[in-house]
Amino acid sequence: MVQPTRLIRSIPKYVFWELDQRKRAHRASGRPLLDVGIGSPDQAVPAPVREALREAASRPELSGYPHFRGHPEFLRAMADYMVDRFGVHTEPERDYMAVAGSKEGLAEIILSICEPGDVVLVPEIYYPVYVRATQLASAEAVMVPFTADGLLDLEAIDPAHIARARVLIVNYPCNPTTAIVDLAAMTRLVEFARANSILLVSDLAYAELAFDGFVPPSALEVPGAMECTVELHSASKSFNMAGSRVGVVVGNRDAINALDAYRSNVGYGAATLPQLGAAVAFTNYRALVKPIVAEYAARRDALVNAFHANGWAVQSPRATMYLWLTVPEGYDDWGWVDHCLQAHNIVITPGIAFGEAGRGRFRISLVQPAPVLANVAKALAQR
Ligand SMILES: Cc1ncc(COP(=O)(O)O)c(C=O)c1O
């Protein structure tokens, strides 16, 4: 009998797997299902990107294996984006690695530089790959608590853990908490990493999904950040390209070289066509994200207003595509998930999908039209 390795078997089942089982059983019973659990974009890939993908597919010179580091057109577009959006100057050939989505990039960074005995510092409520990749590297994930305003409480980290830490992962705007930071807070994170010789890994998957005039900063804006930081950018959320699997890691050259050394052993580089689509997306980001963000803002407002109208006080997020809420009294995490499913045919994500510290919370994704989300709020507010 073929079995996964002991290491893989030792990693607990993904909460999203468990959620999937419940969805499957619900569908099998013939009942409708409204999924606002998963953060998977439902809007179309922008037309100029679709055109670029079509055009790239007809170029015979793109039929061969991709460039290991990334297609020059994509890397140039990313370097131009980093200048235009953040004022960050980089070299496309040396500071970047194209990846098949930031999730894989995050895992590969950890796998390329962490080994047994090393610590990865992870926000206590986290996107699951931060911990799972750490487990796959047989390193130790140590949780960093949040302060009341959703920042990382760096003072609370045990110095013994800091001494063994190779990586600190930060994610602002944050999935799932929706917390944001300004450049001053980002600066403190970079300085902590530099002072302790730790690689700061800034997960900026939601760089463009921000509302009400808020503009998320890049960690690389902090002077000297390239010495100790890599950042992940993704086309998935900003341009509805989650299915295209394209992102990039940019920053510290030693880390990029380590990533290159890892990736060149297991693959041939990220797929060329999605990179060329993403090149057009990031080149035209100002125009292309505008309608996408406007739609998310309208959905957020519809959802928040409907919660308020139905007597449930919720905070309106200034970024991401989520609402992060407290499980009503009388329910535990799975009890509330099951209730939403059974009573309302609605799938939400339990907070424990993002670690123990997420217990007692749940997440709604803005992946349905505004009127549908208003009905979700109305239904959940009835309990
Ligand atoms: C915080 C965060 N990082 C990374 C990702 C992965 O994005 P992708 O691999 O599609 O670039 C997600 C996806 O939901 C996310 O929420």
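Okay, one term before we start: buried area is the accessible area, taken with a 1.4 Å probe, that two parts lose on being put together, summed over both. What we have here is a predicted model, where local features need pLDDT of at least 70 and side-chain atom pairs count only at pLDDT 80 or more, while totals for chains, interfaces and linings use all residues. Residues are numbered from 1 along each chain as its sequence is written, and side-chain values use heavy atoms, with hydrogens and water left out.

So, the overall layout. The chain splits into domain 1, which is 6–42 plus 288–381, and domain 2, which is 47–286; those bounds come from an automatic or database domain assignment. Their centres, taken over C-alpha atoms, sit 25 Å apart.

How much area do domain 1 and domain 2 bury between them? About 3100 Å², with 66% of it on carbon and sulfur atoms. On the domain 1 side, Leu288, Arg318 and Thr320 supply 23% of the area buried against domain 2, more than any other three residues. In terms of contact, meaning heavy atoms within 4.5 Å, 30 residues of domain 1 meet 36 residues of domain 2.

Arg300 and Asp212 form a salt bridge, with their closest N and O atoms 3.0 Å apart. And which elements give two or more residues to the side of domain 1 that touches domain 2? Those are helix 1 (6–10), helix 12 (285–309) and strand 9 (322–326). Helix 12 gives the most, with 8 residues. Helices here are DSSP runs of H or I with at least four residues, strands are runs of E with at least two, and both are numbered from the N terminus.

Let's look at helix 6, residues 129–136. Its buried residues, meaning under 20% relative accessible area with a 1.4 Å probe and protein chains only, are Val129, Tyr130, Val131, Ala133 and Thr134. They pack against helix 5, strand 3, strand 4, strand 5 and strand 6. After helix 6 comes Ser138, with a positive phi near 55°.

Last stop, strand 2, residues 96–99. Tyr96 and Ala98 point one way, Met97 and Val99 the other, and all are buried. Strand 2 pairs antiparallel with strand 8 (residues 247–251) over 4 bridges; pairing takes at least two DSSP bridges.

Methods:
Buried means under 20% relative accessible area, exposed over 50%, partly exposed in between (1.4 Å probe, protein chains only). A salt bridge is a side-chain nitrogen of Lys or Arg within 4 Å of a carboxyl oxygen of Asp or Glu.
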